[in-house]
Amino acid sequence: MSPRIAFGGFLHETNTFAPSKAGLDAFQNGGGWPALSKGDDIFASVHNVNVGASGFVEAGKAAGWTLLPTLWCAASPSAHVAADAFEAITDELVARIKAALPLDGVYLDLHGAMVSEGFDDGEGEVLARVRQAIGPGVPLVASLDLHGNVSPLMVEMADALVAYRTYPHVDMAETGRRSATYLARLLGSPARHAKAFRQIPYLIPIAWQATAMEPCRTIYDELAALEGETVPTLSFLPGFPAADFADCGPSIVAYGATQEDADRAADAIANRVTASEGAFKGRVFQPDEGVREAMALAAGASRPIVISDTQDNPGAGGDSDTMGMVHALLRNGAERAAIGVIVDAEAAAAAHAAGVGARLSLSLGAKSRIPGDAPLEAEFLVEQLSDGRFVAPGPFYGGSRMNLGPSACLRIGGVRIVLGSRKAQMADQAMYRQVGIEPREQAILVNKSSVHFRADFEPIAETILVCAAPGPMPVDPAALPWRRLRPGIRTAPLGPVFG
């Protein structure tokens with residue numbers, strides 16, 4: 001009889017300082033990810049999409065397992081998951097796993113940095129409830145985003161936590177396949193590998209966590225070299241530095257044939273990360289400074305200059321509606337410039353009502369009321385309309401079927417604005433094309449994203465700049481008003497000590 005394996009997923013990256021919380025509707029819509037799905041519908045929902053469950057299903061089918069889908073959902077990063085949404089999703093996930101018993105194994109596609117209104121350690125609570133439902137003997141493996149803030153409870157409840165190794169996350173599906181490979185080792189055996197868990201004593205800004213850049217490139221090369229028969233899986237998670245609770249921060253999780261094997265691998269990577277502290281930094285421009293630099297570079301470039309509007313990254317909890325970079329583009333007279341996505345459902349509805357070719361006066365953006373931000377009150381030309389439904393085929397979204405709601409291309413001066421009704425990180429060229437903007441033909445592109453955009457935009461970019469306009473995700477985590485971190489952790493590389 002083939003092994004009976006239940007699987008599901010519940011993904012959210014929580015910025016506890018962000019302006020908006022995630023209710024059940026956020027998971028039902030998906031925010032750029034597949035919408036909440038249940039039972040057999042999950043197979044179609046995640047098929048050929050760059051998410052952990054997709055790779056796991058592919059590997060499980062190849063292994064001949066009987067796969068029992070439960071519930072899978074994800075939402076755009078934001079502030080806390082609302083208590084009723086957390087309980088409804090977790091309760092149904094656990095109930096469906098119970099209904100599938102008896103089981104030979106369970107796989108969960110999780111993020112690792114979820115904070116709900118009731119639980120600082122969202123994934124720890126989910127894993128604890130699943131463990132209670134299946135008992136101590138059933139193998140439980142979870143894949144995690146490398147931005148996970150891993151807790152001791154997560155390590156205790158799971159038989160393995162397997163994290164992504166790329167940022168931009170082009171290996172999410174591959175991580176699901178690696179999770180299946182590890183789960184296969186556990187099936188039918190009571191033996192479990194020894195665990196080692198280390199927490200790093202400083203927070204790492206997400207803008208400098210890119211794995212193609214140093215120091216992450218070397219860290220991950222060394223990590224891969226340490227894996228083998230005695231250390232079958234090893235993960236380094238740089239963490240998500242915007243969750244105000246004790247376990248926020250980078251971590252290492254190692255699994256070994258013996259405790260000595262696990263400890264040796266975990267310590268090797270922990271020592272490398274600690275020694276690399278001063279290397280986690282880069283150049284950040286103020287808005288006007290960055291636009292002027294981009295304009296000067298564009299004058300002699302054959303490809304777009306791409307600017308990261310990193311502090312309003314919806315992939316880090318922003319609402320994707322701050323206007324600081326739009327104001328800077330206009331103040332400096334930028335031409336052939338485009339920015340996206342500005343999320344303003346009211347403005348999008350007005351554009352659709354007015355129609356293509358219309359001119360309309362709007363107070364655009366800044367609905368999240370970020371200090372230092374202000375709407376753009378001006379007349380705009382409606383150049384294109386869209387229903388906001390399209391496929392994002394680039395390496396990050398990996399074929400995800402997106403729905404930004406009613407969308408438009410607005411033009412003011414030499415600046416085109418991708419206007420949407422729902423937020424999703426600007427990490428795919430299709431997000432420009434769906435409203436008629438060809439990104440390759442622009443002199444300057446401003447993306448509301450910190451790193452994920454690099455997967456699809458680096459190949460077309462002359463160069464990339466990082467700008468810090470007002471937003472809820474400071475490029476320097478030391479700027480956040482921390483209250484509940486663990487004492488002694490540094491709130492930035494070589495930065496101030498908390499507590």
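Which residue just after H3 takes a positive phi? It is Gly64, with a phi of about 80°. Helices here are DSSP runs of H or I with at least four residues, strands are runs of E with at least two, and both are numbered from the N terminus.

Some ground rules before we go on. This is a predicted model, in which local features need pLDDT of at least 70 and side-chain atom pairs count only at pLDDT 80 or more, while totals for chains, interfaces and linings use all residues. Residues are numbered from 1 along each chain as its sequence is written, and side-chain values use heavy atoms, with hydrogens and water left out.

Now the whole chain. The protein chain holds 14 helices and 19 strands. Its radius of gyration is 22 Å, close to the 23 Å from the globule rule for 499 residues, so the chain is as compact as a globular protein of that length. That radius is taken over C-alpha atoms, and the rule is 2.2 Å times the number of residues to the power 0.38. Along its principal axes, the C-alpha trace spans about 70 × 45 × 40 Å.

How much of the chain is buried? Buried residues make up 64% of the 499. Buried means under 20% relative accessible area, exposed means over 50%, and partly exposed is in between, with a 1.4 Å probe and protein chains only.

Next, contacts, meaning heavy atoms within 4.5 Å. Take those in the chain with a separation of 6 or more: residues 24 or more positions apart account for 74% of them.

Charges are next. The chain has 41 positive and 55 negative side chains. Lys and Arg count as positive, Asp and Glu as negative, and His and the chain ends are not counted. The centres of the two sets lie 1 Å apart. Each charge is placed at NZ of Lys, CZ of Arg, CG of Asp or CD of Glu.

On to the inside. In soluble globular proteins, nonpolar side chains tend to be buried together. A nonpolar core here is a set of buried Ala, Val, Leu, Ile, Met, Phe, Trp, Tyr and Cys residues joined through side-chain atoms within 4.5 Å. The largest one has 136 residues, and Val106, Leu108, Leu127, Leu161 and Phe236 touch the most other members. Helix H4, residues 83-100, gives the largest share of this core, 7 residues. Apart from it lies another core, of 38 residues, including Leu329, Ala337, Val382 and Ile417.

Look at Leu161 up close. Setting aside residues up to four places away in sequence, Leu161 touches Leu127, Ala142, Leu144, Val150, Met154, Val155, Ser235 and Tyr255.

Back to H3. Its buried residues are Gly52, Ala53, Ser54, Gly55, Phe56, Val57 and Gly60. What covers them? The cover includes strands S1, S3, S4 and S5, along with H2 and H7.

Now the backbone. Most residues other than glycine have a negative phi, and most peptide bonds are trans. Here are some exceptions. Asn48 has a positive phi of about 60°. Asn48 sits in the loop between H2 (41-46) and H3 (52-62), and is exposed at 58% relative accessible area. Arg369 also has a positive phi, near 55°. Find Arg369 in the loop between S12 and S13. Arg369 is exposed too, at 72%.

Which peptide bonds are cis? One joins Tyr167 and Pro168, with omega about 10°. Pro168 is in the loop between S6 and H7. Another joins Gly340 and Val341, with omega about -10°. Val341 lies in strand S11, residues 337-343.

Gly398 lies between S14 and S15 and is partly exposed at 21%. Beyond its neighbours within four places in sequence, Gly398 contacts Asn48, Val49, Asn50, Ala392 and Pro393. Gly398 and Pro34 are 364 residues apart in sequence, yet 11 Å apart in space, C-alpha to C-alpha.

Is Ala427 buried or exposed? Buried, with a relative accessible area of 0%. Ala427 lies in the loop between S17 and H13. Leaving out residues up to four places away, Ala427 touches Phe396, Tyr397, His452, Phe453, Asp456 and Phe457.
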